[in-house]
Amino acid sequence: MKFADAHSHINPIKGMGYKISEKFKSNGGWFISYVSASPWDYFDNFNGFESYRKMIEYQIKECKKSNEIGIKTVCIAGFHPEDIDFLIDKIKMSPSSVLNLGLKVIEYESNLCKDGILYGIGEVGRQHYKTMPERVAISQIILEKAFEYAKDYDCMIHMHLENADIDTVKIIDYNVNKANINNKRKIVFHHAKPSMLIEINNFGYSSTVYGIDEVLNFVLYSLPPIFMIESDFPDNPAYKKVVYPWELPTKIAEISKKFNLSEEYLYRVNIDNIKQSYGIEP
């Protein structure tokens, strides 16, 4: 059986870079989706749009190296909702300046997607924690703009959201329908709560679940194979509690054996669902 990591991060400056893929491949991995981090995870000094551009440039190079060693790899870059709070609180930018920067960044990313250099836009979405209302408004504007680009250029979207069960799904569905996006499987609810997965699938979207034992023990036992699994690995030694991509195959195999899951079930999760969402197969 081959295993996929549907959402991870890569950091060649302070982390391992494409060496993640080498370790993942040696443990049965075949596909990985690398999503951008935030510029301050890469660099000590922040230089506005140029820091985002430079970070994405590094990310693209690492994705290319990952593909070259035989791991099917896609590269996705966004403007994380938490960036908005960081830029206002730490960099002391005004909310309107952050909005302008965010729109500029995702416009740049969407053009890379149009040219086939990036596969999609992400993470974009809304904060999952309490914050000031104008910051949520900025997040929503950026998300809706990302949906427009997704429609125009057939880009995937990875969303970071508040996970308010079916209400979140219905709100997103309103936005996606407004943007006239036809292929909803390319809209991914990243780090989705298990309680949301049935509704996400019923509405025609894709989802990833966090590959910790608590979540895997629930979804693999209780749900049909309607999701993908992610490590959400930050690739930064500053983060101590993480799931490593190369640990996912062993985790999934052990839990699947405990529940006597069929090979067909695992194939759906690790290959069919990747093919359906990303259009990529081994």
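Author: Lys-14 is partly exposed, at a relative accessible area of 32%, where buried means under 20% relative accessible area, exposed over 50% and partly exposed in between, with a 1.4 Å probe and protein chains only. The model is a predicted one, in which local features need pLDDT of at least 70 and side-chain atom pairs count only at pLDDT 80 or more, while totals for chains, interfaces and linings use all residues. Residues are numbered from 1 along each chain as its sequence is written, and side-chain values use heavy atoms, with hydrogens and water left out.

The partner of Lys-14 in a salt bridge is Asp-44, with 3.0 Å between the closest N and O atoms; the term requires a side-chain nitrogen of Lys or Arg within 4 Å of a carboxyl oxygen of Asp or Glu. This pair links distant parts of the chain, 30 residues apart: Lys-14 lies in the loop between β1 (3–9) and α1 (19–26), and Asp-44 in the loop between α2 (39–42) and α3 (49–68). Helices (H or I, at least four residues) and strands (E, at least two) are DSSP runs, numbered from the N terminus. Asp-44 is exposed, with a relative accessible area of 70%.

By the salt-bridge rule the count comes to 14. Among them is the bridge between Asp-173 and Lys-184, whose closest N and O atoms are 2.8 Å apart. Asp-173 belongs to helix α7, and Lys-184 to the loop between α7 and β6, 11 residues apart. Asp-173 is buried at 11% relative accessibility, and Lys-184 is buried at 17%. Elsewhere, Glu-50, Arg-53 and Glu-57 are linked in a network of salt bridges.

Charged groups also meet rings. The charged end of Lys-54 sits over the ring of Phe-43, 5.1 Å from its centre; this requires NZ of Lys or CZ of Arg within 6 Å of the ring centre and within 35 degrees of the ring normal. Lys-23 lies over the face of Trp-246, at 4.8 Å from the ring centre.

Among the rings themselves, the whole structure contains 17 aromatic pairs, counted when rings of Phe, Tyr and Trp (its six-membered ring) have centres within 6.5 Å; planes under 30 degrees apart are stacked, over 60 edge-to-face and the rest tilted. Trp-30 and Phe-31 form a tilted pair, 5.5 Å centre to centre with 45° between the planes, and both residues are buried. Ring pairs also link Trp-40, Phe-46, Tyr-52, Phe-79 and Phe-86 into a cluster.
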